[in-house]
Amino acid sequence: MLSAFVRAFRTPDLRRKLLFTIGIMVIFRIGSFLPTPGVSYPNVQTCIDQTKGNDLLGLVNLFSGGALLKLSVFSLGIMPYITASIIVQLLRVVIPRFEELHKEGQSGTAKLTQYTRYLTIGLAILQSTTIITVARSGQLFQSCTVDVIPNDSWYILLIMVITMTAGTGLIMWLGELITERGVGNGMSLLIFTSIAASFPTALWSIAQGNNGAFKFIIVLAVIVLVVGMVVFVEQSQRRIPVQYAKRMVGRRMYGGSSTYIPIKINMAGVIPIIFASSLLAVPGLLAQFGDQTSGWVQWISRYLVSPSAPLHLALYVFLIIFFCYFYTAITFNPDEVADNMKKYGGFIPGIRAGRPTAEYLDFVISRITAPGSIYLAVVALIPTIVFIVLGVGTNIPFGGSSILIVVGVGLETVKQIESQLQQRHYEGFLR
């Protein structure tokens with residue numbers, strides 16, 4: 001594998017792509033440390049040392065590489081774009097025009113991408129306003145004794161909103177540059193960079209605690225176990241054979257080839273975990289606005305907000321399984337696949353073309369999603385349960401969602417580099 005990396009850097013065009021990608025990732029990390037105008041950086045550092053921050057913002061802070069709690073230019077990270085992309089995908093089911101654009105090919109996809117960009121900017125304005133409001137009220141750094149925004153006049157707050165929104169637009173542009181001129185998917189690599197940047201600090205904090213060496217070894221073992229499980233399952237797929245009939249076009253005969261439809265065990269990716277985490281954060285958000293001494297607020301804090309509560313874990317598993325089926329049903333349309341196969345003369349051996357093919361695909365998807373959803377729930381729960389038992393906290397960036405993203409993006413990027421190496425040297429990473 002090391003020799004393959006050396007060959008990759010010896011290939012001029014591939015070396016340029018790799019260096020360009022690394023340069024964009026460095027710029028992204030630099031922007032995560034630049035403070036937003038109007039924010040007192042020394043006070044932010046003091047507050048980070050005094051408190052662990054708001055648990056409800058943990059997911060956004062993870063995807064921003066810790067930039068959120070620093071109130072930097074790139075505080076929002078890539079999260080507004082992820083949310084906008086998911087919303088546009090879900091709207092395809094509700095708005096027929098979006099579904100028509102999706103079927104139009106490249107021109108329709110470009111239009112949907114444009115809508116996603118507009119929605120990203122709108123969500124960035126909303127989220128930046130919310131984060132600034134939370135920071136002013138003291139909920140971002142609870143029990144902190146200093147103000148992170150000393151001057152909260154309206155023009156300073158307006159400049160902060162504009163700066164954070166512009167930072168999100170710049171991140172979106174950087175991700176698209178990587179996709180066009182670099183290696184791999186730009187948005188995925190930026191998320192990979194944000195999450196991976198938090199790993200060394202979290203590991204060091206575990207090693208410096210009580211029984212640090214023992215806990216450090218256990219955490220590493222859990223990470224290796226989960227990574228191995230993720231690699232094994234993410235590479236697994238159910239291959240449905242497809243046969244194309246022979247047909248004469250003029251004097252030439254076309255078709256007669258055999259191929260397959262690859263169906264992954266986990267077709268929904270990390271989206272169900274993100275949905276479940278976001279939905280479980282809503283009760284805690286509502287409790288923030290209530291009387292902290294009232295019974296319902298204490299009940300929510302004890303049974304729904306606490307990561308170690310059995311009810312919280314049970315709801316987490318249920319929501320992951322539910323959203324796994326829900327998102328798979330939205331992204332994979334058996335009727336559309338069956339129609340495309342019928343249009344080009346393809347059929348599954350033993351299954352009639354048309355409606356029977358769609359019913360067979362739906363049957364396979366519903367059966368294969370069951371172990372996929374259970375796998376997602378197990379991956380999400382193993383790190384959380386182990387960290388609760390060890391007492392190292394649940395806010396460290398080794399949850400199931402982060403490991404899934406890091407391993408998935410890493411595998412996809414390595415595959416793209418390997419395919420480009422094979423085009424030039426006929427050798428990939430593995431001989």
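## Notebook: contacts, sheet, pocket, single residues

I began with contacts (heavy atoms within 4.5 Å): among those in the chain with a separation of 6 or more, 70% are between residues 24 or more positions apart. The model is predicted, so I kept the rules in view: local features need pLDDT of at least 70, side-chain atom pairs count only at pLDDT 80 or more, and totals for chains, interfaces and linings use all residues. Residues are numbered from 1 along each chain as its sequence is written, and side-chain values use heavy atoms, with hydrogens and water left out.

**Entry 1: inventory.** I listed 16 helices and 5 strands for the chain. Both are DSSP runs numbered from the N terminus, helices being H or I of at least four residues and strands E of at least two. I then looked up burial, where buried means under 20% relative accessible area, exposed over 50% and partly exposed in between, with a 1.4 Å probe and protein chains only. Of the 431 residues in the chain, 44% are buried.

Entry 2: I found an open sheet of 3 strands in the order 4-1-5, with antiparallel pairing. Strand 4 (258-264) and strand 5 (346-347) are at the edges with a single partner strand each, so one side of each has no neighbour in the sheet. For pairing, DSSP must find at least two bridges between two strands. Strand 1 (residues 237-244) is joined to strand 4 by 7 bridges in the antiparallel sense, and on this side I noted Val242 opposite Thr259 of strand 4. Strand 1 and strand 5 also run antiparallel, joined by 2 bridges; here Gln243 is opposite Phe347 of strand 5.

Helix 15 (residues 355-390) lies across strand 1 and strand 4, at about 170° to strand 1. The axes are lines fitted to C-alpha atoms, for helices over the stretch in contact, and angles run from 0 to 180 degrees between N-to-C directions.

**Entry 3: Thr369.** In helix 15 I looked up Thr369. Thr369 is buried, at a relative accessible area of 3%. Apart from neighbours within four places in sequence, Thr369 has contacts with Cys324, Tyr325 and Thr328.

**Entry 4: second largest pocket.** I used a 1 Å grid over the protein atoms alone, on which a pocket is an open set of points with protein on both sides within 12 Å along at least five of seven lines, the probe is 1.4 Å, and lining residues have an atom within 4 Å of a point. The second largest pocket holds about 1,500 Å³ of space, the volume being the space filled by probe spheres set on the points, with grid points joined across faces, edges and corners.

I counted 43 lining residues; Gln89, Asn185, Ser188, Ile271 and Tyr327 lie nearest the centre. Helices that each supply at least two lining residues include helix 5 (79-94), helix 8 (154-181) and helix 11 (271-288). Helix 16 contributes the most, 9 residues. By class the lining has 20 nonpolar, 17 polar and 6 charged residues. Here Ala, Val, Leu, Ile, Met, Phe, Trp, Tyr, Cys and Pro count as nonpolar, Asp, Glu, Lys and Arg as charged, and the others, Gly among them, as polar.

Entry 5: Ile417 belongs to helix 16 (residues 400-425) and is buried, at a relative accessible area of 7%. From Ile417 to Val183 I read 7.1 Å, C-alpha to C-alpha, across 234 residues of sequence.

Ser75 is in the loop between helix 4 (58-63) and helix 5; Ser75 is buried, at 0% relative accessible area.

Leu119 lies in helix 7 and is partly exposed, at 28%. Leaving aside neighbours within four places in sequence, Leu119 is in contact with Ala84, Ile87 and Val88. Leu119 and Pro80 are 39 residues apart in sequence and 8.4 Å apart, C-alpha to C-alpha.
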